[in-house]
Amino acid sequence: MASKVYIQDKDGNDLLAATDWSIIQNKPSNLATTDRLPVLGAWQNDGIVYKNGAYDWDHVNNGYNCAYRIADLGSFKIVELRLAFGVNCDITDDMEVIDLPAIIRPDGNEELWSATGTRGVFIHTTHDGNVHVYCQKFQDGDKYTHDGLLTYHTVYFTTI
């Protein structure tokens with residue numbers, strides 16, 4: 001059995017030998033080096049499906065108020081999702097409004113909830129990639145009123 005040997009400076013600090021990464025043989029191909037770290041890609045909206053009267057709240061971005069971008073790290077991805085949308089009808093219970101594309105769906109049994117700023121109205125993202133608007137009724141008349149702006153922003157990991 002070999003013993004580890006460290007080179008130390010005059011103060012006893014361990015020194016690591018410097019080498020040129022390009023000359024190392026049999027190195028793993030999936031390691032990120034500082035000049036190849038993953039970055040978030042461009043915003044895209046491919047595969048976002050609106051349901052039950054939902055629509056992208058777009059006045060200036062040509063359909064990119066509901067969009068996502070991905071940093072691909074090989075065995076998993078980082079997803080940034082932003083949704084700014086409206087629904088053209090009142091919601092007094094629970095309604096599915098958006099289906100997210102399979103490429104960004106959270107894996108596992110992950111559910112995300114976000115308050116909207118309107119009493120009792122929440123945005124609920126289910127583990128299967130469906131986005132719902134949910135209205136918790138405290139009293140008669142509580143609802144999401146049609147064509148109001150709803151916003152949701154999250155960052156999460158997925159292995160899909």
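Which residues form a nonpolar patch on the surface, and what is their accessible area together? In this predicted model, where local features need pLDDT of at least 70 and side-chain atom pairs count only at pLDDT 80 or more, totals for chains, interfaces and linings use all residues. Residues are numbered from 1 along each chain as its sequence is written, and side-chain values use heavy atoms, with hydrogens and water left out.

**Surface patch**
- Leu73, Phe76 and Phe157 form the nonpolar patch, with about 270 Å² of accessible area together (Shrake-Rupley method, 1.4 Å probe, only the protein chains shown counting as cover for residues).
- A patch of this kind takes residues with over 30% relative accessible area and no salt bridge, nonpolar side chains (Val, Leu, Ile, Met, Phe, Trp, Tyr) being joined within 5 Å and like charges within 9 Å; a salt bridge is a side-chain nitrogen of Lys or Arg within 4 Å of a carboxyl oxygen of Asp or Glu.
- Phe76 is found in the loop between β5 (67-72) and β6 (77-87).

**Strands and sheet**
- The protein chain has zero helices and 11 strands (DSSP runs numbered from the N terminus: helices are H or I of at least four residues, strands E of at least two).
- Five of the strands make an open sheet in the order β3-β7-β10-β9-β8, with antiparallel pairing, in which β3 (49-50) and β8 (112-115) are the edge strands, each pairing on one side only; pairing requires at least two DSSP bridges between two strands.
- β3 pairs with β7 (residues 94-99) in the antiparallel sense over two bridges, and Tyr50 stands opposite Ile98 in β7.
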